[in-house]
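Hi,

Here is the structure I promised to pass on.

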Amino acid sequence: MQERASERVAPPSPTGPRLGSNRDSTRQHNLAAVLGLVHSTSGLSRAQLTRATGLNRSTIAALVGELVQLGLVVESDLDQTQQHGRPSIMIEPSPDALVLAINPDVDAVSVALVGLGGRIVSPVRFHTSNPPSAAEVVNIVSAVYTGMRTSLPPGRRVLGAGLAVPGLVDPADGSVIEAPQLDWRGEPLSARLAEALGLPVSAANDAVVGARAQAAFGAGRDVPDFAYVFGGGSGIGGGLVSGGRLLRGATGFAGQLGHTLVRTDGAECSCGSRGCLEAEVTRVALLEAAGLPSGEVEDLEEVVLERLRSGGAGTGPLRDVVERQAALLGVGLRSVVNHLNPSMIVLGGFLRILARAVPGVLDDALRAGGGRGPRENVAIELAPLGADSILVGAAELAFEPLLADPAGYAAGPAPA
Ligand SMILES: [Zn+2]
């Protein structure tokens, strides 16, 4: 639950200073470095670990042995991809260590078990006809988790839960300060879930955890300056990574890109203002224009792209909506780029559709006026993790204490 004053979203640096004050802290640091590398790469050879950490081969062997004992990594077949030199044993994340990722939204509660390496297992998207109350979320997640646990193979352990909320989360206690689209205010959801599930629960804003997932496994990997902009049923949010660090702001709420002004006297926004990005660019308008019911979000991207490609009757109004939204998104992104000077903007959720369908419209709005300075070279990328990005990011929250101190955390009392 506790968030560090300045959160580092990049994987732990293998080349960081070696702590030498005593043997325990050096060992803890080295274990964390090795597990962090295995987690962020989803597996690498002993030789690669030796090179990446600068530790000698016998130390790596001992550290890997300890992580195997802790049930956190497995040693597998020889790495056959090496072009020359002796093949090396591959070290991969163990499938045994799992966390529960939870993401409530206006029309569904998504729940999944996620393994080290960002591997999603048994994802469930539980549709709701109305925005769920916090109490309903607790009931749904409890029922889904009970079902998941009973079908887990022996040896699997669920270490904690990560909660991604489409709203403002208090960094101090993980409570939801407000989630306007869900009509939540002051909901101690993390505490209620922790009690119901018997797991420690960490919570953060959905777009912020999405940015973490992109930094760890996605398009933002090894990119020190990028903006992740995510559009979901509850609006648009962002996670801003600058100099390899996730920007938090004075009270932890940095990245509220959905409330960037894009149209003076525009549509009314849930924040009480008008013409905000998330009031003008909405998933529900795309669903309506594509003629899909409100719950059909999985197919939205392909349906919109296919309709526009085929150019059949009735595509005119759909194209108008898509072009209008893409242009307004470009206006909003212009502010982001001018403020942050990222090298990359990663678009997630339904915003991917706008970039795929009419990239020229988005690009023209972003670079209007010639696009010199920060707008000249910024790249627009699509979040490769797709809708799973938020769940993988929520899992990262839950894995944080384990990755910081593998032996201390894994040896602690594991919930049944
Ligand atoms: Zn607003």
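A quick definition before the details: a residue is called buried under 20% relative accessible area, exposed over 50%, and partly exposed in between. Cys 271 comes out at 42%, so it counts as partly exposed. Bear in mind that this is a predicted model.

Cys 271 is one of the residues on the zinc ion, alongside His 259, Cys 269 and Cys 276, with the ND1 atom of the histidine and the SG atoms of the cysteines at 2.0 to 2.4 Å. Along the chain the donors follow H-x9-C-x1-C-x4-C. His 259 and Cys 271 are 12 residues apart, both in the loop between strand E14 (245-246) and helix H7 (277-280). The arrangement is tetrahedral because the angles between the four donor atoms run from 104 to 121 degrees. His 259 is partly exposed at 30%, while Cys 269 is buried at 8%. As for disulfides, the count is zero.

On to the charged pairs: there are 19 salt bridges. In one of them, Arg 27 meets Glu 66, with the closest N and O atoms 2.7 Å apart. Arg 27 sits in helix H1 and Glu 66 in helix H3, so this pair ties together parts 39 residues apart in sequence.

Another joins Arg 356 and Glu 301 at 2.6 Å, N to O. That pair links helix H11 to helix H9, 55 residues apart. Here Arg 356 is partly exposed at 35%, whereas Glu 301 is buried at 13%.

Within helix H9, Arg 309 and Glu 306 lie three residues apart, about one turn, and form a salt bridge of 3.2 Å.

Cheers

Key. Residues numbered from 1 in each chain as written. Predicted model: local features only at pLDDT ≥ 70, side-chain atom pairs only at ≥ 80, totals over all residues. Heavy atoms only, no water. Donors = N, O, S within 2.8 Å, 3.2 Å for Na, K, Ca; no water. Tetrahedral: all angles 85-135°; square planar, octahedral: opposite > 155°, others 65-115°. Helix = DSSP H or I, 4+ residues; strand = E, 2+ residues; numbered from the N terminus. Buried < 20%, exposed > 50% of the residue type's maximum accessible area, 1.4 Å probe, protein only. Disulfide = S-S within 2.5 Å. Salt bridge = Lys/Arg side-chain N within 4 Å of Asp/Glu carboxyl O.
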